[in-house]
Amino acid sequence: METMFFPRSIAIIGVSNSPSNNGRVIVENMERFGFDGIMHLVGGRRDSLSGRTIFAHVSEIPETPDLAVILVPASRLLEVLEACGEKGIRRVVIETGGFSEFGDDRKDLEGEIVDMASKWNMKVIGPNCVGIVNVENGLILPFYPLYPSEAGKGRVSIISQSGGLVHDIIVLANIDNVGVNKLVSIGNKLVSDENDVLEYLISDTDTGIIGLYLENIADGRRLMDLARSTDKPIVLLKSNRSPGSREIARFHTSALAGDDRVVDEALKQAGVHRVRDLGEMVDAFKAFSLPPLKGPSLAVIARSGGQAVLSADSVYLHGFTLASFSERFFAMLSEKTRAGVIRRTNPLDLGDVFDFDVYLAIIEEALREDGVDAVLMLHSYALGVDFQPSVRLMSGCGELVKKYGKPVVFCTIVHKENWTAMHEIKDLPVFTYVDDALAALRKSLDHFAPRPDKSTQTVKYSQKRTSRSRLAKGIVPVGDVFGLLHAYNLEVADYRIVNAMSDGLGEGRNMGFPLALKTASAEVLHKTEQGGVFLGLRDDAGLEEAFRKLGKPGPYLLQKMVPPGCEMIIGGRNDPEFGSVVMCGMGGIFVEIYKDVAVRVVPVDEREASAMVDDLKGVDILKGFRGSRPYDIEFLVDALVNVSRLLCEHPEIGTLDINPLILFGKGEGGVVVDAKLEIT
């Protein structure tokens, strides 16, 4: 991958001297950015462009280029790839479009591209992309014009599935004086996907912050592993947030742990920061360009009381605290300002102080405070007379950031006339809105917080095929589901499977009343809604009447009634991007109404399972709310770990619902009452 970004020579294939030719635009981009290697131009016939020879065929190039970028019609692509392979070119960027993004009928051609790449052992980015931007060496492959003034050099590198968004991110980052380093458009990612590029950027010493825009995730587990392997902040914007599961009507787990919910939780597990839009992404880049935030205590300094009050609300909304200032700090204020002008509070309202040099001195004194982790400065200024002092203030704040190694989060409403000048101040990102600034700063606090020591995790299994036999496809009979759960140390309420009422009456007397009777047909997934459940049957007559009312053919599930407790749900499903996930929540018939669930990608150990329980809004009920008895949370945690192991060792499980699992009082355990399972 290194050669993809730092080729000594490159073949640009699909060039002509026509003013509208896209290949020509690439050549002009490379010239503007001063590409430090050799460019070889290839077109349909021998010609020239700005004094450079355009070769008619790849074979005419006098050397073997390190990299080829291809912009020819899709119908000619295989022919050109073959020529590149014969020439010895092993790294290719295919910018040509017209493949599966237009329709499934183009997938055969994509398959042929993959085969061709395999034949010649080619590393390929694309097709349907704008290639690579590397401001380090002037490798600028998009086929739209770019200029050095648009792409200031910095530490942010981008991976995007969309070529157009590469341009948008460059523009937005440039507006906010965020420097970029390497940008890659991966397109249809037939051979190289986001993880291949991410692995390189993690190792790249010139990349400090990584952003991704994805429409789908090629290998979610590899993405998680890569993110966990680095301290570099990774910010991800993912589209396609609408529900994707077709099983919502069949399994509770599919409804509650939908595709996008899984993405959210998986990214949190891996320490990836998910954002909703490009603006939030750039705000995150700005926050991460500041020194790491070491704690939540903020000093808030504002030029008006209204700003101070609003900022205090935002501080608490995003989980920060207002620092307590020392007497030394207030003594300094008394020296620098007139008595009675500034109240001894945080937020600090600068009131009638109009000396911008005093502002800078106050900010510096706040940064010197041991109890202050960052300063939030809310600055407003009058057009004209205040502009240059404001520029000096902001530049001074940038110097203080470097001096003290603490963030200064500078928020100001910039006048239209000053917009460009204000956002080009070096070493200090500028935010407009306090709430956006603190949301971004919160990502920094979360990212640099101490992480659990992975060596303390107890999970020793992974999602791989074990010696256990693979389960057969389809809906699994309830008796077999209970047997499988029992094999994974999940206790199931005493039950019998019977095929006729006569057998059920005899088994009922042997088991002892009270009993529950349910249909055990694999075709009936929601028993209660379809009249397939009778509870609290206390004698032969009641059981016989229930059989007659059930009216459905066997098999039947006859089950011992269990003592009352707290109804929980534990579930699992196979996510198309992240593999098996486990879910738990408050259960029973209201599970899809309250939707109080926690989701994790497996494997899950005791620490992670405990965190899942703590994530539930109903956790206070489990712990004993207002004097009510607490429930056996330790049993629930163990059950989650066991279900995680089941899902890891049987990745063929499509969906699993354990609902309800009845949780008894603390130390009394729990029991599975009902479950359903589908193998895909």
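The model is predicted, so local features need pLDDT of at least 70 and side-chain atom pairs count only at pLDDT 80 or more, while totals for chains, interfaces and linings use all residues. Residues are numbered from 1 along each chain as its sequence is written, and side-chain values use heavy atoms, with hydrogens and water left out.

Q: Why is Gln-161 called buried?
A: Buried means under 20% relative accessible area, exposed means over 50%, and partly exposed is in between (1.4 Å probe, protein chains only). Gln-161 has 11% relative accessibility, so it counts as buried.

Q: Where does Gln-161 sit?
A: It's in the loop between strand S10 (153-160) and helix H5 (163-175). Those names come from DSSP runs, numbered from the N terminus: helices are H or I with at least four residues, and strands are E with at least two.

Q: Which residues is Gln-161 in contact with, leaving aside its neighbours within four places in sequence?
A: Contact means heavy atoms within 4.5 Å. By that rule the list is Ile-186, Gly-187, Lys-189, Tyr-213, Leu-214, Glu-215 and Asn-216.

Q: What does the side chain of Gln-161 reach?
A: The backbone nitrogen of Asn-216, at 3.3 Å. A polar contact is a pair of N or O atoms within 3.5 Å; within protein, one must be able to donate a hydrogen and the other to accept it, and residues adjacent in sequence count only if both atoms are side-chain atoms.

Q: What about Thr-96: where is it found?
A: Look in the loop between strand S6 (91-94) and helix H4 (107-119). Thr-96 is at 4% relative accessibility, so it counts as buried. Its side chain reaches the backbone oxygen of Val-72 at 2.7 Å. Not counting residues up to four places away in sequence, Thr-96 touches several residues, including Ile-70, Pro-73 and Asn-128.

Q: Why does Lys-182 count as buried?
A: Its relative accessibility is 0%, so Lys-182 lands in the buried class. This lysine is found in strand S11, and among its contacts, leaving aside neighbours within four places in sequence, are Phe-5, Glu-136, Asp-204 and Asp-206.

Q: How do you know that the sulfur of Cys-84 is too far from the closest cysteine sulfur for a bond?
A: A disulfide is a pair of cysteine sulfur atoms within 2.5 Å. The closest cysteine sulfur to that of Cys-84 is in Cys-129, 14 Å away, so that's too far for a bond. Cys-566 is in no disulfide either, with the nearest cysteine sulfur, that of Cys-584, 11 Å away. The count by this rule is zero disulfides. As for accessibility, Cys-84 is buried at 0%, and Cys-566 is buried with a relative accessible area of 8%.

Q: What makes H6 and H7 roughly parallel?
A: Axes are lines fitted to C-alpha atoms, for helices over the stretch in contact, and angles run from 0 to 180 degrees between N-to-C directions. Under 35 degrees counts as roughly parallel, over 145 as roughly antiparallel, 65 to 115 as roughly perpendicular, and the rest as oblique. The axes of helix H6 (residues 194-203) and helix H7 (residues 220-228) cross at roughly 5 degrees and come within 10 Å, so the two helices are roughly parallel to each other. Among the residues making the contact are Leu-198 and Ile-202 of H6 and Leu-223 and Leu-226 of H7.

Q: Why is one side of S22 and of S24 left without a neighbour in the sheet?
A: Two strands pair if DSSP finds at least two bridges between them. The open sheet of four strands runs in the order S22-S25-S23-S24, with antiparallel pairing. Strand S22 (495-498) and S24 stand at the edges with a single partner strand each, so one side of each has no neighbour there. From one strand to the next, the twist averages 15 degrees.

Q: How do you know that S23 is largely enclosed by the rest of the structure?
A: Five of the five residues of strand S23 (residues 515-519) are buried, so the strand is largely enclosed. Leu-515, Leu-517 and Thr-519 cover one side, and Ala-516 and Lys-518 the other. S23 pairs antiparallel with strand S24 (residues 533-537) over three bridges, and five bridges join S23 to strand S25 (residues 556-560), also antiparallel.
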